[in-house]
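Please walk through this fold with the sequence and the model side by side.

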Amino acid sequence: MAQKKELDRFDPNPKHNVKILTKLVALIATAVIVSCAGIAAITLIILDRGIVNNTQEGLLHTSEGVDITLVDWEESAGRFAEILATGAVVIPHLRTGNNQQVDAATKSRTIKYGVDILVVVDTKGIVIGGDGAKLGTNLSSQYVVQQALRGTPAYAYTAFGDCPFAVVASHPIRVDGVLAACAIAGFDLTSESFIGMVKNGYDVECTVCDGSKRVATTLDNSWLGTVVDNRDVTNTVLGKGEEFKGDVVIGSTKYASVYRPLKNDDGTVTGMLFVAKSMAIVQSIITDAMKIVIPVSILLILLLIIIGYRFVHWLMWRIYNVSNFLNELSTGDADLTKRCKLFIRDEIGDLIIQFDAFLDKLQQIMKDVKNSKSELSGAGSDLTQSTMDTSSAITEIIANIDGIHHQIDMQNTTVQQTAEAVGEISSNISTLNTMIDSQSSGVSQASAAVEQMIGNITSVNQSVEKMASSFEALAENAQNGINKQHAVNERIKQIENQSQMLQEANLAIENIAQQTNLLAMNAAIEAAHAGDAGKGFAVVAGEIRKLSETSSKQSRTIGEQLNNIKESISEVVTSSTESNEAFTAVSDGIKITDELVIQIKSAMEEQNEGSKQISQALKTMNDSTVEVSNASKAMASRSEKISTEMHNLKDATNNMKESMEEMSDGARKINETGADLSTISGKVQESIETIGNQIDRFKV
């Protein structure tokens, strides 16, 4: 229990401790589980992808095989149609026009050729014999019939006669070099012989679509007549004419599928062929694989965990040996001669070797410490004696410092009284010097101000003279402006009268334009009455009317502009009148100002004479003030020197006083330190004895 408490003091929260064995086993178990689960998942994913890819590749091969079959059927239907069209089976009957014999001869060849459709169609597209379409059926809208009746063989994928969807080929029939009919042969793609062959031969589901409509399928018959609603499929196959491969969902079943376009010989896509394999088969294979992979993974996990546990347990056993050795070393009699056992030279073995080396070094250190124990004890005794001697010497120094400190206090009081007296004298001299300086500065400023005022009066007098001459010229110019303004007013009134005349002329033009318009209308009416003879006159009348309308528009525009000009002239007349009145007021003001300038000129001449007299008096006063100021400055300079010396003496005395106080405080602190040092010396002696007792416990 004591050992547990000793260890717990190094751990702030010992309740949360977990053993390394538990940690390592948990880590190994987690790593094994994650690794096995990951490998199993990757295996299943690879298996799933492999099966899906294999299924998709198989479907592509199936689709290619079915496509080869369809190509073979295309070629076979073309050959049978050509044989029927070029042979001597139906041509003699067509030459005689015996359609019954044509029908019988054609039907006899149906079973022989092994086709589902074998008919003969006349030049109008009417069936006249054969199997696969009723007699008299009009097939003229069929692509293969149209091409054959144009003299060109063709094949197509289409609904034909009684077949919902078939691959058919046509060939023209010529009698004596003349196109007389066409032969059509084909195979029914909705029959069980085709879709059943695909399903049984390739083990896939098969559906035939006419466009997007399902017309035959190996799926549930409920899908017959429905349409493919997958836009990706219809856009790729029917829209682009390309093959679609991928997963589709039909009903609730997912299929890996391939849709191939069924094209006519002109490239037109008319249908789709669907081959697919249910993904339920793929899922069942994956399920079977999981039944094997999961148990194997569990067994592998358990095996690896057991092996990992045994290895960790062996590793921890070696660590426990080291831990027990350290426990014995910490709880025993401090025997530094013990060493830890070494079993295997690995990382833990290196740790034991390094720790034993540390014990060797520690053992040597403790030997040296034991040898130094006696020397340290003697040094402690010497330290105690030296401390006592130092304390006595410090007491005598403190007594001497106190006597010197009393004498410095008396000297400091005398120096302070002398410094205060000298400071008061210096202050009075400084005040007197300041007053003299202020008076001298005031006189100098007054003299300068008067001189400046004289200069300003002279300058103002010159400016007034120039102003008087300028006002005379300004009065003449103002009178000239008034005269010219009258002339401008007369001109503006003449322009206003002429503008009125233009307005009347514009009204006359507008009246002429109206009369011209009436004349053009009358001319147009007369031209209409004259008929063809008046067409030329009507053109002239139209041009006159256009001219009249243009003149009327321009007249209105001119009238608007003349009105604007009239308003502008009225505003100018008003502004001109106001300007004339302003010129008159300016002229009157200039006359009054000219009289005031003459009065100012007289007053400034009188002021100039008085300022010169004041300037002479100020010069005399300034000379006297300068002499007094020089004497005051000499006294102030000597007083400042005396005051400075007294302050220096005062500062020196204060410094001596502060130094003695610091020496006194330092001596007291040294005395206190000496006492503390004596106490510490005793404690050091006790500590040396305690350390010696502890060192003696080590066995070296």
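The paragraphs below take these topics in turn.

This is a predicted model, in which local features need pLDDT of at least 70, side-chain atom pairs count only at pLDDT 80 or more, and totals for chains, interfaces and linings use all residues. Residues are numbered from 1 along each chain as its sequence is written, and side-chain values use heavy atoms, with hydrogens and water left out.

Start with the sheet. It is open and has 5 strands, in the order E7-E6-E10-E9-E8, with antiparallel pairing. Helices (H or I, at least four residues) and strands (E, at least two) are DSSP runs, numbered from the N terminus. Two strands pair if DSSP finds at least two bridges between them. Strands E7 (213-217) and E8 (244-250) are the edges; each has a single partner strand, so one side of each lacks a neighbour in the sheet. From one strand to the next, the twist averages 35 degrees. Axes here are lines fitted to C-alpha atoms, for helices over the stretch in contact, and angles run from 0 to 180 degrees between N-to-C directions.

Now look at E6. Strand E6 (residues 205-210) is joined to strand E10 (residues 269-278) by 6 bridges, and the two run antiparallel. In this pairing, Cys 209 stands opposite Met 272 of E10. Two helices pack on the sheet. Helix H6 (residues 192-202) touches E6, E7 and E10, and its direction makes about 145 degrees with that of E6. Helix H7 (residues 231-239) touches E8, strand E9 (253-263) and E10, and its direction makes about 135 degrees with that of E10. Contact means heavy atoms within 4.5 Å.

E6 also pairs with E7. Here 4 bridges join the antiparallel strands, and Thr 207 stands opposite Thr 217. Their hairpin has 2 residues between the strands, and Gly 211 takes a positive phi near 70 degrees there. How much of E7 is buried? Of its 5 residues, 4 are buried, so the strand is largely enclosed by the rest of the structure. Buried means under 20% relative accessible area, exposed over 50%, and partly exposed in between (1.4 Å probe, protein chains only).

Two loops deserve a look. Most residues other than glycine have a negative phi. Asp 176 has a positive phi of about 55 degrees. Asp 176 sits in the loop between strand E4 (163-175) and strand E5 (178-188), and is exposed at 60% relative accessibility. Asp 203 also has a positive phi of about 55 degrees. Asp 203 lies in the loop between H6 and E6 and is exposed, with a relative accessible area of 54%.

Turn to the cysteines. The structure holds 0 disulfides, a disulfide being a pair of cysteine sulfur atoms within 2.5 Å. Cys 209 is buried, at 1% relative accessibility.

Finish with the cores. A nonpolar core is a set of buried Ala, Val, Leu, Ile, Met, Phe, Trp, Tyr and Cys residues joined through side-chain atoms within 4.5 Å. The largest has 45 residues, and those with the most contacts inside it are Val 90, Ile 173, Leu 189, Phe 194 and Val 208. Helix H2 (residues 20-86) gives the most to this core, with 9 residues. Leaving aside neighbours within four places in sequence, Leu 189 contacts residues including Leu 70, Trp 73, Phe 194, Val 208 and Leu 262. A second, separate core of 17 residues includes Val 121, Val 144, Ala 156 and Cys 163. Cys 163 is buried, at 9% relative accessibility.
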